[in-house]
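Open the model in your viewer and keep the selection panel at hand. The stops below say what to select next.

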Amino acid sequence: MNSRQEIKENIERIRAELDGRAQLLLATKTVPAELINYAADCGVTLIGENRVDELLSKYDAIDKTRLELHFIGHLQSNKVKYIIDKVSMIHSVDSLSLAKEIEKQAAKRGINMRVLIEINIAGEESKSGIAIEETESFLQSLLQFEHITVCGLMTIPPKTDRPEENLQFFQKIYQKFIDIRAKIVDNENWTILSAGMSGDYLQAAACGANLVRVGSAVFGARVYPQAQSNEK
Ligand SMILES: *Cc1c(COP(=O)(O)O)cnc(C)c1O
């Protein structure tokens with residue numbers, strides 16, 4: 001884990017590199033709440049957690065007056081109820097059954113949940129997300145839900161040491177994003193393309209992603225507790 005000084009410098013450098021092209025979301029898995037709040041001191045306004053248990057354990061200590069919280073990891077339907085009133089967006093909607101549960105829990109509380117459709121852009125077997133060819137039909141099936149607002153697309157491209165290899169995937173998802181924006185009549189909510197992580201956020205932003213999710217490039221290498229060692 002980096003020092004506070006390093007974290008501050010990384011945030012400032014990345015914001016300068018992005019130069020307003022994309023919003024910076026800090027992926028804060030394994031990062032203690034006090035450091036997350038320190039990131040808020042450095043001007044960060046948006047964070048994402050990707051495990052329900054971890055989100056719940058840190059939730060009270062996170063400064064919600066300054067930080068908006070998104071859920072960015074794979075989400076099991078039976079855990080939706082724990083986070084529905086704690087996050088303002090779910091990036092990882094990849095099945096109708098998950099969407100149904102989000103609708104049910106949001107309706108119960110009389111709230112609306114903003115979501116992104118997760119696309120498995122490289123068709124990797126090990127990854128969740130729907131096939132890019134199925135985006136429109138999946139989107140259509142989500143429009144029936146009164147308490148869900150679909151705001152765009154999210155993807156996690158393959159891990160690579162050569163970020164230029166992922167340019168093709170960022171271009172492909174951007175194309176789908178703008179195709180849908182042109183086709184959907186009521187498109188005022190269709191605004192977010194969430195792609196790009198520590199190794200490739202610049203490539204993603206150059207290809208039109210307007211939200212990048214960055215963790216280790218700010219906080220340093222993650223140290224997972226034993227119990228979480230199975231995390232992807
Ligand atoms: C961890 C995580 C990130 C950030 O990963 P880094 O490579 O550390 O930047 C982004 N998106 C999701 C969904 C993550 O789980």
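**Stop 1: two strands**

Select strand β1 (residues 23–27) and strand β2: they pair in the parallel sense over two bridges. Strands here are DSSP runs (E, at least two residues), numbered from the N terminus; pairing needs at least two DSSP bridges. This is a predicted model: local features need pLDDT of at least 70, side-chain atom pairs count only at pLDDT 80 or more, and totals for chains, interfaces and linings use all residues. Residues are numbered from 1 along each chain as its sequence is written, and side-chain values use heavy atoms, without hydrogens and water.

Now show Leu-26, which stands opposite Ile-47 in β2. Stay on β2 (residues 46–49). Leu-46 and Gly-48 point one way, Ile-47 and Glu-49 the other. All four are buried, that is, under 20% relative accessible area with a 1.4 Å probe, protein chains only. In a regular strand, side chains alternate between the two faces of the sheet.

**Stop 2: the ligand**

Next, pick out polar contacts (N or O pairs within 3.5 Å):
- Ser-198: a polar side-chain atom lies 2.5 Å from a ligand oxygen.
- Arg-213: a side-chain N or O atom is 2.9 Å from a ligand nitrogen.
- Ser-216: a polar backbone atom is 2.8 Å from a ligand oxygen.

**Stop 3: cysteines**

Select Cys-42, buried at 10% relative accessibility. Then take Cys-207, buried at 11%.

Terms used
Polar contact = N/O pair within 3.5 Å; in protein donor to acceptor, adjacent residues only side chain to side chain. Buried < 20%, exposed > 50% of the residue type's maximum accessible area, 1.4 Å probe, protein only.
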